[in-house]
Every structure is written in structure tokens, then in C-alpha cells.
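Student: I am new to this structure and would like a close look at one part of it. Please take me through that part slowly, in a connected way.

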Amino acid sequence: MAELSGVQTASIHKLADCLSENPRLKEPLFLYALAYDKVELLLRYTANSTVAAEYEQLSNRYSLAQMLLFLENQSPELPEGYWKVWRSYCSVRDSALADNDTKDLIHRRVLELQQKKKLTNYRLYTDLKLNPGNVNAWLKHNDSSKMSLDCARQIYKYAKSYPSVR
């Protein structure tokens, strides 16, 4: 919310005040208020604004569970702006899963390259100046929490360019 509003706050009142200058806040603000059970507060602070009727209609029609169901199913009952906010939220929420899938793929390829080129973990973390504990946890136990995607890519690039043993 702070990124959209330009105000570093979670206050419904302050965010509602930003609506007139920033209409892009309309959908995320309602979903935020719904998620944190602050719809009544939002309705009070937006009573005289242009979004009051839409907020009132949505709050009377949907509970949080219903709204989530409609968002997940991309129901045509909801205005498109709410879907866009939902898709943005899901992309951020799921990015860690996608990163872990990528790190898992890189992990397998690095292990193959290590075996093929006789490349040790020691050589990797020494030459790349990486934390030995994190590199070993990732390569030996596939603990992806110990490895950033950037470091995994760096290791793969190094392993790929490492000369083969003859």
C-alpha cells in the first residue's frame, strides 16, 4: 500500500485521504480493508468520496472468503481492477516458490557439472568468495534457503565455464 500511496503508513484514514490524488489505490485499499476487517472504518472515511457507492456495494455483497473465492476464480461479477490487484499479489506471493524451483534446477545441473568436471565445493566457494556453510548446505543437502538465486546462477556460470578434466 505504501508504494502505491506514497505514504509510509497502514492507516486506513491516511490511505483513504490519498484516494483523491491517487485513484489506483481504490481496489487495493478495499481489499486491504477487507483482509484486515477494517471495511466499516474505510466506509466511514470514504463516505463523501466517489468510491463510496462501490465500496458500500462490495462490502454488502461479499465476505472476505467470498471475495477470495471470486478473485481466485476470476469471477466476472468483480470489476477487473480487483483481479489486477489479486494477480499482482499472487505474483509476489508465489515468487519465492518459482525461485526455489529455479534453484532446484540449477542445483541439479551444478551437481552434474561437478561430477563431470571433478569440481569440488571447496573450489566453488573459494574461487567465488562465497560462504562455505551456505554453499555446502545447498550443494550437499539441497537447502535452497541458504542460497540466493543470484548466487546459484553465479555458481552455475562458474561451473559451466570451469575446464574439464582430461
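Which helices are included in what covers the buried residues of α9?

Tutor: This is a predicted model, and the cover over the buried residues of α9 includes α7, α8 (121–127) and α10 (149–161). Helix α9 itself spans residues 132–141, and the residues buried in it are Val135, Asn136, Ala137, Trp138 and Leu139.

Leaving aside residues up to four places away in sequence, glutamine 114 touches Leu119, Thr120, Asn121, Leu124 and Leu139, and Leu139 is among the buried residues of α9.

Helix α7, which covers residues 80–117, also packs with helix α6 (residues 64–72), at an angle of about 85° and with the two axes 10 Å apart. The two helices, α6 and α7, are therefore roughly perpendicular to each other. On the α6 side the contact is made by Leu68, Phe70, Leu71 and Glu72, while α7 contributes Tyr82, Trp83 and Trp86. Sorted by class, this contact of α6 with α7 holds six nonpolar residues and one charged residue, with no polar ones.

How values were computed:
Residues are numbered from 1 along each chain as its sequence is written. This is a predicted model: local features need pLDDT of at least 70, side-chain atom pairs count only at pLDDT 80 or more; totals for chains, interfaces and linings use all residues. Side-chain values use heavy atoms; hydrogens and water are left out. Axes are lines fitted to C-alpha atoms, for helices over the stretch in contact, and angles run from 0 to 180 degrees between N-to-C directions. Helices (H or I, at least four residues) and strands (E, at least two) are DSSP runs, numbered from the N terminus. Angles under 35 degrees count as roughly parallel, over 145 as roughly antiparallel, 65 to 115 as roughly perpendicular and the rest as oblique. Contact means heavy atoms within 4.5 Å. Ala, Val, Leu, Ile, Met, Phe, Trp, Tyr, Cys and Pro count as nonpolar, Asp, Glu, Lys and Arg as charged, and the others, Gly among them, as polar. Buried means under 20% relative accessible area, exposed over 50%, partly exposed in between (1.4 Å probe, protein chains only).
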